[in-house]
Amino acid sequence: MLAACGQSETNPPTDPAAPIATPEAEAPPPTPPPGVGSIMPGSGPQTFVGRWAANAAWCANPQGAERPIEITTTRFEGYENSCGIVSISQVSDGYQVSLACASEGQTLNERTRMAVQGDSMRLTWLNRNNAVISLVRCPAPAAAPVAAPAP
């Protein structure tokens with residue numbers, strides 16, 4: 001049996017904890033640096049989110065060079081590269097995206113422009129002499145069938 005020595009500094013479970021009073025906790029939220037778009041990862045538009053392939057037949061391939069890339073509002077995943085979306089800015093014909101990528105043991109920063117119309121995307125690699133790739137949206141993967149309960 002433990003005996004308490006003096007006042008307890010733990011608040012009871014029914015009382016909220018006191019706010020932490022530090023300069024960091026009282027500081028306003030950070031603002032993006034100049035040149036970074038107003039749309040940040042996680043809050044960007046959904047038009048480019050999904051699985052995309054240069055050839056519709058690649059949509060069925062789960063791995064290898066001829067597989068779809070997967071884009072979320074925070075990630076850009078392709079064959080032998082994995083990128084985090086650093087910023088997203090709306091431009092006249094779509095969205096300009098800054099990526100921080102890891103590919104084959106090296107890290108690099110990439111900039112792309114994604115313009116989507118329906119189920120087609122024009123992906124322009126701004127750091128690669130404006131190389132353009134046309135992509136098609138892959139259908140959502142089929143859900144695994146649910147087994148029927150045993151009789």
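Cys59 has a relative accessible area of 12% in this predicted model, and because buried means under 20%, this cysteine counts as buried. Its partner is Cys138, and the two form a disulfide in which the sulfur atoms lie 2.0 Å apart. Cys59 sits in the loop between β1 (50-53) and β2 (69-71), while Cys138 belongs to the segment after β8 (131-137), so the bond ties together parts that are 79 residues apart in sequence. Cys138 is likewise buried, its relative accessible area being 6%. The torsion about the S-S bond of Cys59 and Cys138 is about -75°, which means that this disulfide is left-handed.

A disulfide is a covalent bond that joins the sulfur atoms of two cysteines, and the structure holds two such links. The other one is formed by Cys83 and Cys101, with their sulfur atoms 2.1 Å apart. Here both partners lie in strands, Cys83 in β4 (residues 81-91) and Cys101 in β5 (residues 94-103), so the pair ties together parts that are 18 residues apart in sequence. About the S-S bond of Cys83 and Cys101 the angle is 105°, and this link is right-handed.

How do the disulfides of the protein chain pair up, and what pattern do they follow? When the bonded cysteines are counted along the chain, the pattern is 1-4, 2-3. In that pattern, the pair of Cys59 and Cys138 stands beside the pair of Cys83 and Cys101.

Key: Residues are numbered from 1 along each chain as its sequence is written. This is a predicted model: local features need pLDDT of at least 70, side-chain atom pairs count only at pLDDT 80 or more; totals for chains, interfaces and linings use all residues. Side-chain values use heavy atoms; hydrogens and water are left out. A disulfide is a pair of cysteine sulfur atoms within 2.5 Å. Helices (H or I, at least four residues) and strands (E, at least two) are DSSP runs, numbered from the N terminus. Buried means under 20% relative accessible area, exposed over 50%, partly exposed in between (1.4 Å probe, protein chains only).
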